[in-house]
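Hi,

Here is the structure I promised to pass on to you. Have a look at it first, and then read my notes below.

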Amino acid sequence: MDNALYPVLFLDYLKHSLPIFNQTVARVPALLGITLSLTYLNYRGLHIVGFSAVMFAAFSLLPFLIMGILSIPKIRPSRWLLVDFKKVNWRGYFNSMLWNLNYWDKASTLAGEVEDPSKTFPKALLGGLVLVMSSYLIPLLAATGALGSSPSEWTDGYFAEVGMLIGGFWLKLWIQAAAAVSNLGLFEAEMSSDSFQLLGMSKIGMLPSVFAVRSTYGTPTVSILFSATGVIFLSWMSFQEIMEFLNFLYAVGMLLEVAAFITLRVKRPDLHRPYRVPLQTFWVAMICVPPSLLLILVMCLASWRTSMVSGVVILAGFVLYPALVHAKRRNWMLFDAEPPPSSSNGWQQQFSESKEVELVEEEKSLMQDNSKPDQQDLDLTWQS
(Lines give C-alpha, C1' and ligand atoms only; values in the text may rest on other atoms or scores of the structure.)
Protein backbone atom coordinates (compact mmCIF):
# COMPACT_ATOMS: atom_id res chain seq x y z
CA MET A 1 0.00 0.00 0.00
CA ASP A 2 2.86 2.39 0.81
CA ASN A 3 4.58 1.66 -2.47
CA ALA A 4 1.46 2.59 -4.44
CA LEU A 5 1.97 6.19 -3.26
CA TYR A 6 5.17 6.85 -5.18
CA PRO A 7 4.05 6.48 -8.81
CA VAL A 8 1.02 8.63 -7.91
CA LEU A 9 3.18 11.30 -6.26
CA PHE A 10 5.64 11.12 -9.17
CA LEU A 11 2.91 12.13 -11.63
CA ASP A 12 1.55 14.76 -9.20
CA TYR A 13 4.88 16.60 -9.51
CA LEU A 14 5.10 16.22 -13.28
CA LYS A 15 1.57 17.49 -13.90
CA HIS A 16 2.61 21.02 -12.84
CA SER A 17 4.72 21.21 -16.01
CA LEU A 18 2.87 18.57 -18.06
CA PRO A 19 -0.89 19.00 -17.41
CA ILE A 20 -1.63 15.99 -19.64
CA PHE A 21 -0.94 13.73 -16.65
CA ASN A 22 -4.14 15.06 -15.09
CA GLN A 23 -6.06 13.13 -17.74
CA THR A 24 -6.85 9.43 -17.31
CA VAL A 25 -5.84 8.61 -20.91
CA ALA A 26 -2.22 9.57 -20.12
CA ARG A 27 -2.12 8.88 -16.37
CA VAL A 28 -3.01 5.16 -16.45
CA PRO A 29 -0.37 4.12 -19.06
CA ALA A 30 2.20 6.26 -17.23
CA LEU A 31 1.46 4.56 -13.89
CA LEU A 32 1.72 1.11 -15.48
CA GLY A 33 4.95 2.00 -17.28
CA ILE A 34 6.58 3.43 -14.17
CA THR A 35 5.59 0.45 -12.01
CA LEU A 36 6.76 -2.18 -14.51
CA SER A 37 10.09 -0.52 -15.30
CA LEU A 38 10.94 0.01 -11.61
CA THR A 39 9.88 -3.55 -10.80
CA TYR A 40 12.34 -4.82 -13.41
CA LEU A 41 15.10 -2.67 -11.90
CA ASN A 42 14.34 -4.20 -8.50
CA TYR A 43 14.43 -7.67 -10.02
CA ARG A 44 17.97 -7.08 -11.29
CA GLY A 45 19.47 -7.03 -7.78
CA LEU A 46 19.90 -5.23 -4.46
CA HIS A 47 23.26 -3.77 -5.47
CA ILE A 48 21.55 -1.86 -8.29
CA VAL A 49 18.79 -0.71 -5.92
CA GLY A 50 21.31 0.44 -3.31
CA PHE A 51 23.52 2.28 -5.80
CA SER A 52 20.58 3.95 -7.56
CA ALA A 53 19.06 4.97 -4.19
CA VAL A 54 22.26 6.81 -3.23
CA MET A 55 22.41 8.56 -6.62
CA PHE A 56 18.71 9.46 -6.46
CA ALA A 57 19.15 10.86 -2.95
CA ALA A 58 22.08 13.09 -3.95
CA PHE A 59 20.25 14.37 -7.04
CA SER A 60 17.05 14.97 -5.05
CA LEU A 61 18.53 16.78 -2.05
CA LEU A 62 20.90 19.14 -3.87
CA PRO A 63 18.29 21.56 -5.35
CA PHE A 64 16.60 21.92 -1.96
CA LEU A 65 19.96 22.77 -0.40
CA ILE A 66 20.56 25.37 -3.12
CA MET A 67 17.05 26.75 -2.53
CA GLY A 68 17.84 27.08 1.18
CA ILE A 69 21.03 29.03 0.45
CA LEU A 70 19.31 31.36 -2.06
CA SER A 71 16.48 32.06 0.39
CA ILE A 72 18.72 33.31 3.22
CA PRO A 73 18.57 37.05 2.24
CA LYS A 74 14.75 36.88 1.96
CA ILE A 75 14.01 35.01 5.22
CA ARG A 76 11.93 36.78 7.87
CA PRO A 77 11.93 34.58 11.05
CA SER A 78 8.64 36.14 12.21
CA ARG A 79 6.86 34.33 9.36
CA TRP A 80 7.69 30.96 10.94
CA LEU A 81 5.29 31.74 13.80
CA LEU A 82 2.30 32.81 11.68
CA VAL A 83 -0.15 29.93 12.13
CA ASP A 84 -3.94 30.02 12.12
CA PHE A 85 -4.67 26.93 14.24
CA LYS A 86 -8.39 27.16 13.46
CA LYS A 87 -7.70 26.37 9.80
CA VAL A 88 -5.31 23.49 10.39
CA ASN A 89 -6.49 20.15 9.01
CA TRP A 90 -5.31 18.08 11.96
CA ARG A 91 -6.14 14.75 10.40
CA GLY A 92 -4.13 15.57 7.32
CA TYR A 93 -1.34 17.07 9.43
CA PHE A 94 -0.79 14.03 11.65
CA ASN A 95 -1.17 11.62 8.73
CA SER A 96 1.42 13.53 6.69
CA MET A 97 3.81 13.76 9.65
CA LEU A 98 3.53 10.05 10.43
CA TRP A 99 3.99 9.02 6.82
CA ASN A 100 6.99 11.33 6.34
CA LEU A 101 8.78 10.03 9.43
CA ASN A 102 7.79 6.36 9.64
CA TYR A 103 9.00 2.98 8.33
CA TRP A 104 12.37 2.87 10.07
CA ASP A 105 11.50 -0.69 11.14
CA LYS A 106 11.34 -1.87 7.52
CA ALA A 107 15.14 -1.72 7.29
CA SER A 108 15.25 -4.85 9.46
CA THR A 109 13.83 -6.99 6.64
CA LEU A 110 17.11 -6.52 4.71
CA ALA A 111 19.39 -7.29 7.67
CA GLY A 112 20.16 -10.77 6.32
CA GLU A 113 21.59 -9.23 3.13
CA VAL A 114 23.92 -6.83 5.00
CA GLU A 115 27.38 -7.59 6.35
CA ASP A 116 27.65 -7.16 10.14
CA PRO A 117 24.19 -5.56 10.62
CA SER A 118 24.63 -5.20 14.40
CA LYS A 119 27.27 -2.52 13.76
CA THR A 120 26.17 -1.25 10.36
CA PHE A 121 22.48 -0.63 11.11
CA PRO A 122 22.78 1.66 14.18
CA LYS A 123 25.24 3.91 12.31
CA ALA A 124 23.07 3.93 9.18
CA LEU A 125 19.90 4.72 11.14
CA LEU A 126 21.60 7.58 13.02
CA GLY A 127 22.93 9.05 9.79
CA GLY A 128 19.56 8.56 8.13
CA LEU A 129 17.77 10.32 11.00
CA VAL A 130 19.99 13.42 10.72
CA LEU A 131 19.62 13.45 6.94
CA VAL A 132 15.83 13.07 7.03
CA MET A 133 15.30 15.79 9.63
CA SER A 134 17.59 18.18 7.72
CA SER A 135 15.94 17.45 4.38
CA TYR A 136 12.55 18.40 5.84
CA LEU A 137 13.51 21.36 8.01
CA ILE A 138 15.81 23.24 5.61
CA PRO A 139 13.31 23.50 2.71
CA LEU A 140 10.37 24.24 5.03
CA LEU A 141 12.19 26.97 6.95
CA ALA A 142 13.46 28.46 3.68
CA ALA A 143 10.06 28.42 1.96
CA THR A 144 7.93 29.65 4.86
CA GLY A 145 10.50 32.24 5.95
CA ALA A 146 11.20 33.72 2.51
CA LEU A 147 7.65 33.71 1.12
CA GLY A 148 4.30 34.87 2.39
CA SER A 149 2.31 32.13 0.64
CA SER A 150 -1.16 31.29 1.87
CA PRO A 151 -1.51 27.86 3.52
CA SER A 152 -4.18 26.98 0.96
CA GLU A 153 -1.52 27.10 -1.79
CA TRP A 154 0.47 24.27 -0.20
CA THR A 155 -0.73 21.23 -2.12
CA ASP A 156 1.11 18.18 -3.50
CA GLY A 157 4.05 19.39 -5.59
CA TYR A 158 3.99 23.02 -4.36
CA PHE A 159 7.74 23.04 -3.65
CA ALA A 160 8.28 23.40 -7.40
CA GLU A 161 6.45 26.76 -7.27
CA VAL A 162 8.53 27.74 -4.23
CA GLY A 163 11.68 27.07 -6.27
CA MET A 164 10.30 29.27 -9.05
CA LEU A 165 9.69 32.18 -6.66
CA ILE A 166 13.06 31.88 -4.91
CA GLY A 167 15.49 30.86 -7.66
CA GLY A 168 13.72 31.06 -10.97
CA PHE A 169 12.41 28.70 -13.64
CA TRP A 170 15.59 26.56 -13.71
CA LEU A 171 15.23 25.76 -10.00
CA LYS A 172 11.55 24.88 -10.47
CA LEU A 173 12.42 22.34 -13.16
CA TRP A 174 15.23 20.89 -11.04
CA ILE A 175 12.96 20.50 -8.00
CA GLN A 176 10.30 18.83 -10.12
CA ALA A 177 12.85 16.41 -11.53
CA ALA A 178 14.38 15.85 -8.07
CA ALA A 179 11.01 15.18 -6.44
CA ALA A 180 10.09 12.77 -9.21
CA VAL A 181 13.43 10.93 -8.95
CA SER A 182 13.08 10.83 -5.16
CA ASN A 183 9.82 8.93 -5.52
CA LEU A 184 11.53 6.45 -7.82
CA GLY A 185 14.19 5.83 -5.18
CA LEU A 186 11.57 5.40 -2.47
CA PHE A 187 9.71 2.93 -4.67
CA GLU A 188 12.85 0.85 -5.17
CA ALA A 189 13.72 0.77 -1.46
CA GLU A 190 10.15 -0.07 -0.45
CA MET A 191 9.77 -2.88 -2.97
CA SER A 192 13.05 -4.40 -1.80
CA SER A 193 11.98 -4.44 1.84
CA ASP A 194 8.49 -5.75 0.94
CA SER A 195 9.75 -8.59 -1.23
CA PHE A 196 12.44 -9.69 1.22
CA GLN A 197 9.87 -9.61 4.04
CA LEU A 198 7.74 -12.07 2.04
CA LEU A 199 10.87 -14.17 1.43
CA GLY A 200 11.61 -14.21 5.17
CA MET A 201 8.03 -15.24 5.99
CA SER A 202 8.39 -18.08 3.51
CA LYS A 203 11.67 -19.17 5.11
CA ILE A 204 10.00 -19.61 8.51
CA GLY A 205 7.00 -21.43 7.04
CA MET A 206 4.40 -18.64 7.24
CA LEU A 207 3.98 -18.49 3.45
CA PRO A 208 4.31 -21.10 0.67
CA SER A 209 7.86 -21.85 -0.44
CA VAL A 210 7.27 -20.24 -3.86
CA PHE A 211 7.77 -16.82 -2.21
CA ALA A 212 11.38 -17.79 -1.38
CA VAL A 213 12.31 -18.57 -5.00
CA ARG A 214 15.21 -16.37 -6.04
CA SER A 215 16.25 -15.19 -9.49
CA THR A 216 19.76 -15.47 -10.92
CA TYR A 217 20.34 -11.99 -9.43
CA GLY A 218 19.53 -13.18 -5.90
CA THR A 219 16.19 -11.36 -5.70
CA PRO A 220 12.87 -13.02 -4.70
CA THR A 221 11.08 -13.17 -8.05
CA VAL A 222 7.55 -14.15 -6.98
CA SER A 223 7.61 -11.79 -4.01
CA ILE A 224 8.57 -8.87 -6.27
CA LEU A 225 5.76 -9.70 -8.73
CA PHE A 226 3.31 -10.02 -5.83
CA SER A 227 4.31 -6.58 -4.54
CA ALA A 228 4.07 -5.00 -8.00
CA THR A 229 0.57 -6.42 -8.50
CA GLY A 230 -0.60 -4.77 -5.29
CA VAL A 231 0.86 -1.44 -6.43
CA ILE A 232 -1.01 -1.57 -9.74
CA PHE A 233 -4.36 -2.36 -8.10
CA LEU A 234 -4.02 0.54 -5.64
CA SER A 235 -2.77 3.18 -8.10
CA TRP A 236 -6.31 4.32 -8.97
CA MET A 237 -6.69 5.90 -5.49
CA SER A 238 -5.55 9.42 -4.64
CA PHE A 239 -2.42 10.17 -2.63
CA GLN A 240 -4.35 11.29 0.47
CA GLU A 241 -6.64 8.24 0.43
CA ILE A 242 -3.77 5.76 0.17
CA MET A 243 -1.80 7.57 2.88
CA GLU A 244 -4.65 7.48 5.41
CA PHE A 245 -5.36 3.76 4.84
CA LEU A 246 -1.66 3.06 5.02
CA ASN A 247 -1.14 4.94 8.29
CA PHE A 248 -4.04 3.18 10.02
CA LEU A 249 -2.72 -0.29 9.16
CA TYR A 250 0.86 0.77 9.88
CA ALA A 251 -0.20 1.99 13.34
CA VAL A 252 -1.76 -1.38 14.13
CA GLY A 253 1.38 -3.19 12.99
CA MET A 254 3.70 -0.90 14.95
CA LEU A 255 1.69 -1.29 18.17
CA LEU A 256 2.07 -5.07 17.78
CA GLU A 257 5.82 -4.65 17.22
CA VAL A 258 6.19 -2.51 20.35
CA ALA A 259 4.19 -5.03 22.39
CA ALA A 260 6.32 -7.92 21.09
CA PHE A 261 9.53 -5.97 21.77
CA ILE A 262 8.69 -5.31 25.42
CA THR A 263 7.25 -8.80 25.95
CA LEU A 264 10.45 -10.45 24.69
CA ARG A 265 12.51 -8.16 26.92
CA VAL A 266 10.52 -9.33 29.95
CA LYS A 267 10.01 -13.03 29.15
CA ARG A 268 13.18 -13.78 27.17
CA PRO A 269 15.90 -11.48 28.57
CA ASP A 270 18.67 -13.98 27.74
CA LEU A 271 17.60 -14.52 24.13
CA HIS A 272 20.44 -14.03 21.65
CA ARG A 273 20.09 -10.64 19.94
CA PRO A 274 22.27 -9.39 17.08
CA TYR A 275 21.68 -5.91 18.51
CA ARG A 276 20.36 -4.95 21.93
CA VAL A 277 19.11 -1.48 22.88
CA PRO A 278 21.54 -0.45 25.66
CA LEU A 279 18.86 0.43 28.22
CA GLN A 280 16.99 -1.37 30.97
CA THR A 281 13.55 -2.74 30.16
CA PHE A 282 11.72 -0.05 32.16
CA TRP A 283 13.36 2.81 30.25
CA VAL A 284 12.87 1.03 26.94
CA ALA A 285 9.15 0.80 27.75
CA MET A 286 9.06 4.51 28.63
CA ILE A 287 10.64 5.40 25.30
CA CYS A 288 7.93 3.41 23.52
CA VAL A 289 5.07 5.31 25.22
CA PRO A 290 5.14 8.61 23.20
CA PRO A 291 5.19 6.96 19.74
CA SER A 292 2.49 4.53 20.85
CA LEU A 293 0.26 7.43 21.89
CA LEU A 294 0.90 9.13 18.53
CA LEU A 295 -0.07 5.94 16.69
CA ILE A 296 -3.30 5.68 18.67
CA LEU A 297 -4.04 9.36 17.94
CA VAL A 298 -3.63 8.82 14.19
CA MET A 299 -6.02 5.86 14.35
CA CYS A 300 -8.59 7.93 16.25
CA LEU A 301 -8.40 10.74 13.66
CA ALA A 302 -9.05 8.38 10.73
CA SER A 303 -12.28 8.76 8.78
CA TRP A 304 -15.06 6.20 9.18
CA ARG A 305 -14.33 4.91 5.68
CA THR A 306 -10.67 4.30 6.53
CA SER A 307 -11.62 2.59 9.79
CA MET A 308 -14.14 0.32 8.05
CA VAL A 309 -11.88 -0.71 5.16
CA SER A 310 -8.88 -1.21 7.47
CA GLY A 311 -11.05 -3.29 9.78
CA VAL A 312 -12.03 -5.52 6.86
CA VAL A 313 -8.36 -5.93 5.89
CA ILE A 314 -7.43 -6.89 9.47
CA LEU A 315 -10.31 -9.39 9.66
CA ALA A 316 -9.14 -10.86 6.36
CA GLY A 317 -5.80 -11.48 8.04
CA PHE A 318 -7.49 -13.37 10.87
CA VAL A 319 -9.13 -15.61 8.23
CA LEU A 320 -6.10 -15.95 5.95
CA TYR A 321 -3.65 -17.08 8.63
CA PRO A 322 -5.59 -20.17 9.83
CA ALA A 323 -6.40 -20.94 6.20
CA LEU A 324 -2.67 -21.07 5.40
CA VAL A 325 -2.06 -23.24 8.49
CA HIS A 326 -4.79 -25.64 7.33
CA ALA A 327 -3.34 -25.74 3.80
CA LYS A 328 0.06 -26.50 5.30
CA ARG A 329 -1.30 -29.42 7.34
CA ARG A 330 -3.20 -30.84 4.37
CA ASN A 331 -0.20 -30.42 2.06
CA TRP A 332 -2.29 -28.39 -0.39
CA MET A 333 0.71 -26.09 -0.91
CA LEU A 334 4.41 -26.64 -0.48
CA PHE A 335 5.86 -25.09 2.67
CA ASP A 336 9.59 -25.52 3.11
CA ALA A 337 10.48 -23.90 6.43
CA GLU A 338 14.08 -23.92 7.60
CA PRO A 339 14.61 -25.62 11.01
CA PRO A 340 15.07 -23.15 13.87
CA PRO A 341 18.56 -22.92 15.43
CA SER A 342 17.27 -24.28 18.76
CA SER A 343 16.55 -27.67 17.14
CA SER A 344 20.24 -28.32 16.41
CA ASN A 345 20.94 -29.78 19.85
CA GLY A 346 18.09 -32.25 19.49
CA TRP A 347 19.30 -33.22 16.03
CA GLN A 348 22.84 -33.80 17.34
CA GLN A 349 21.53 -35.96 20.18
CA GLN A 350 19.43 -38.03 17.75
CA PHE A 351 22.44 -38.43 15.45
CA SER A 352 24.66 -39.59 18.33
CA GLU A 353 22.09 -42.16 19.45
CA SER A 354 21.68 -43.56 15.91
CA LYS A 355 25.45 -43.72 15.48
CA GLU A 356 25.82 -45.63 18.74
CA VAL A 357 23.21 -48.19 17.63
CA GLU A 358 25.00 -48.55 14.28
CA LEU A 359 28.34 -49.24 16.00
CA VAL A 360 26.79 -51.90 18.30
CA GLU A 361 25.20 -53.67 15.33
CA GLU A 362 28.50 -53.60 13.45
CA GLU A 363 30.24 -55.07 16.49
CA LYS A 364 27.74 -57.96 16.68
CA SER A 365 28.13 -58.75 12.98
CA LEU A 366 31.89 -58.86 13.31
CA MET A 367 31.70 -61.29 16.22
CA GLN A 368 29.29 -63.55 14.29
CA ASP A 369 31.41 -63.59 11.12
CA ASN A 370 34.56 -64.74 12.93
CA SER A 371 33.79 -68.17 14.44
CA LYS A 372 37.09 -68.27 16.34
CA PRO A 373 38.23 -64.69 16.83
CA ASP A 374 41.41 -64.19 18.74
CA GLN A 375 41.53 -61.97 21.81
CA GLN A 376 43.29 -59.15 19.95
CA ASP A 377 40.43 -58.83 17.41
CA LEU A 378 37.86 -58.77 20.21
CA ASP A 379 39.75 -56.08 22.06
CA LEU A 380 39.98 -53.92 18.92
CA THR A 381 36.25 -54.39 18.25
CA TRP A 382 35.23 -53.34 21.72
CA GLN A 383 37.58 -50.36 21.64
CA SER A 384 36.06 -49.17 18.38
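Serine 215 touches Tyr43 and Thr221, leaving aside residues up to four places away in sequence; contact here means heavy atoms within 4.5 Å. You'll find serine 215 in the loop between helix H7 (169–203) and helix H8 (221–234). With a relative accessible area of 13%, serine 215 is buried (buried means under 20% relative accessible area, exposed over 50%, partly exposed in between, with a 1.4 Å probe and protein chains only).

Before you go further, some ground rules. This is a predicted model, in which local features need pLDDT of at least 70 and side-chain atom pairs count only at pLDDT 80 or more, while totals for chains, interfaces and linings use all residues. Residues are numbered from 1 along each chain as its sequence is written, and side-chain values use heavy atoms, with hydrogens and water left out.

Now the overall picture. The protein has 13 helices and zero strands; helices (H or I, at least four residues) and strands (E, at least two) are DSSP runs, numbered from the N terminus. Of its 384 residues, 32% count as buried. Take the contacts between residues at least 6 apart in sequence: 73% of them join residues at least 24 apart.

Helix H2 (residues 24–43) and H8 pack at an angle of about 160 degrees, and their axes are 10 Å apart. Axes are lines fitted to C-alpha atoms, for helices over the stretch in contact, and angles run from 0 to 180 degrees between N-to-C directions. That angle makes H2 roughly antiparallel to H8 (under 35 degrees counts as roughly parallel, over 145 as roughly antiparallel, 65 to 115 as roughly perpendicular and the rest as oblique). On the H2 side, the contact uses Leu32, Thr35, Leu36, Thr39, Asn42 and Tyr43, and they meet Thr221, Ile224, Ala228, Val231 and Ile232 in H8. By class, that is seven nonpolar, four polar and no charged residues; Ala, Val, Leu, Ile, Met, Phe, Trp, Tyr, Cys and Pro count as nonpolar, Asp, Glu, Lys and Arg as charged, and the others, Gly among them, as polar.

The axes of helix H5 (residues 117–146) and helix H6 (residues 159–166) come within 11 Å and cross at roughly 60 degrees. H5 and H6 are therefore oblique to each other. Pro139, Leu140, Ala142, Ala143 and Ala146 of H5 make the contact with Phe159, Val162 and Ile166 of H6. Here the classes come out as eight nonpolar, no polar and no charged residues.

The UniProt record (an unreviewed entry) annotates several stretches as "transmembrane region", including 124–146 and 158–175. UniProt positions are given in the numbering used here, feature names are shortened, and annotations may be inferred rather than shown by experiment. In the model, residues 124–146 are 100% helix and 0% strand, with the end C-alpha atoms 33 Å apart. For residues 158–175, the chain is 83% helix and 0% strand, and the end C-alpha atoms are 10 Å apart.

How many of the 10 residues of helix H1 (residues 5–14) are buried? Nine are, so H1 is largely enclosed by the rest of the structure. Among them are Leu5, Tyr6, Asp12 and Tyr13. The buried residues of H1 pack against H2, helix H4 (90–101), H7, H8 and helix H9 (239–267).

- Tyrosine 103 has a positive phi of about 70 degrees although it is not a glycine. Tyrosine 103 lies in the loop between H4 and H5 and is buried, at 18% relative accessible area.
- Asparagine 331 also isn't a glycine, and has a positive phi of about 60 degrees. Asparagine 331 sits in the loop between H11 and helix H12 (344–369) and counts as exposed, at 65% relative accessibility.
- Tyrosine 321 is in helix H11 (residues 304–329) and is exposed, with a relative accessible area of 51%.

Cheers
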